[in-house]
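Hello,

Here is the structure for your files.

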Amino acid sequence: MQQMENLLRQIPQVDKLMQNEHIVNSGIYRHEVADAARDMLSKLREGIKAGEITELPDIAELAQSAIQHAKEQACKGIRPVINGTGVILHSNLGRACLSKSAVEAVANTAASYCTLEYDVEKGARGNRTDSVEKYLQEITNCEAAIVVNNNAAAVLLILFAIASDGNVIVSRGELVEIGGKFRVPDIIDRCGCYLLEVGTTNKTRTADYEAAIDEKTKAILKVHSSNFKIVGFTESAPIEELSALGKKHKIPVIEDIGSGALINVNKYGLYDEPLVKESIKKGADVVSFSGDKLLGGPQCGIILGRKEYIAKMKKHPLYRALRADKMTIAALEATLRVYADPQVAECEIPVLSMLSLTGEVLQSRAEALCEKIKEYGGVAEVIRTKSVAGGGSVPGLELDSYAIAPIGAKSADEMEKALRAQSKPIIGRIENDRYLLDVRTFFEDDYEYIADCVSKV
Ligand SMILES: *Cc1c(COP(=O)(O)O)cnc(C)c1O
């Protein structure tokens, strides 16, 4: 009893501990170390009272463990991970990784004043999306464009601005839920529009749309069924037929094409992925898509189309709440800039580079990584596997890929957990009781780190 009270009395005060030179020189925010120290000291007190601790660590040790604890707490927020899942557009892992030039553009504008809404030539107020709009016009031949927070916001703004208080006609086969509870029927309802469903789950023809048109019809909406596929006896109305129908009845035709491929991605094995340019060419009045899916840019929603509709959106009060910020616009501009030359785009935009990797290249990368693991004292083998584009593009379609499968005493579950616990977490997947790291979604700069972590576990 006496000893316990002695120990309790010897526990240093937080203020005293904070004067320790290790803490003073740690370079960590003092308030964070102080929180960690308080936590640690109260645990120490409890341990002593419970009779579990019978000897007090010295003050240097206490300081070191407060620093360690503070560091661990501080890196629990958003931070980089290594994606070994093979899913290129992984929504939980932040979807598209930006190109180097986009990252530079973000850094330049983020820490500085910039020309967001300022025209340097005129010395007067400018328009925040002028430059992005110019690139989009060149790439897609659209009349006008606008950029908002994401594609979900894009659909909201479109419906609010051009279809409020009216009917919106949608095929029953396209009343989808996109993820995160974004359900097309609910959105239409929330935008103050009335949903008019036409056709059936598997078949909807242009005539079905035409039969539903009346004086209350404000828009025809076509939604790309991004994350699922109906196979077999199916039919949907082509956008060119819907556009002709819209023109005949003076009703805008809206297409939410989801992924937004700006260049043809067929050659990567992604078939049926609608091209933005084609949609405009085939007469869609308004087209929307995400910036961080196949486009490979920052999170945003891009709306293109006829000037009269885009102008309505620019004037709508909701645009003020949904518009993109300076960092997004800087990243998008830098990303769009390279699309003028598809070959440059493929080299510089990570999403396109990852899609373009051939089986041969992936195999040799997997072999090189295995070699590296061997150098670090570990063992792994190369395995053929499948990766997916993700982000709701081309459901059911898989790309041939290669993975490394570490070999060791640990089970697949244990390996998965141990690699996830690294300072830069490595995220893989388990397939047939084996732990796999798909090399398609790795950056070569990370190979040393991956090899080191894999051989350690
Ligand atoms: C992904 C997707 C959305 C949502 O886009 P976000 O940019 O994630 O908001 C909307 N519609 C379709 C068809 C999609 O594929």
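Seven strands form an open sheet with mixed pairing, in the order E5-E11-E10-E9-E8-E6-E7. Strands are DSSP runs of E, at least two residues, and helices are runs of H or I, at least four, numbered from the N terminus. Two strands pair if DSSP finds at least two bridges between them. E5 (144-148) and E7 (194-198) are the edge strands; each has a single partner, so one side of each lacks a neighbour in the sheet. Neighbouring strands are turned by 20° against each other on average, direction ignored.

The model is predicted: local features need pLDDT of at least 70, side-chain atom pairs count only at pLDDT 80 or more, and totals for chains, interfaces and linings use all residues. Residues are numbered from 1 along each chain as its sequence is written, and side-chain values use heavy atoms, without hydrogens and water.

E8 (217-223) and E9 (253-258) run parallel, joined by 4 bridges. Leu221 has Ile254 of E9 as its bridge partner. Helix H8 (151-163) packs on the sheet, touching E5, E6, E8, E9, E10 and E11. Contact means heavy atoms within 4.5 Å.

Now the helix pair. The axes of H4 (30-49) and H5 (59-74) come within 8 Å and cross at roughly 120°. Axes are lines fitted to C-alpha atoms, for helices over the stretch in contact; angles run from 0 to 180 degrees between N-to-C directions. The contact residues include Met40 and Leu44 of H4 and Leu62 and His69 of H5.

Best wishes
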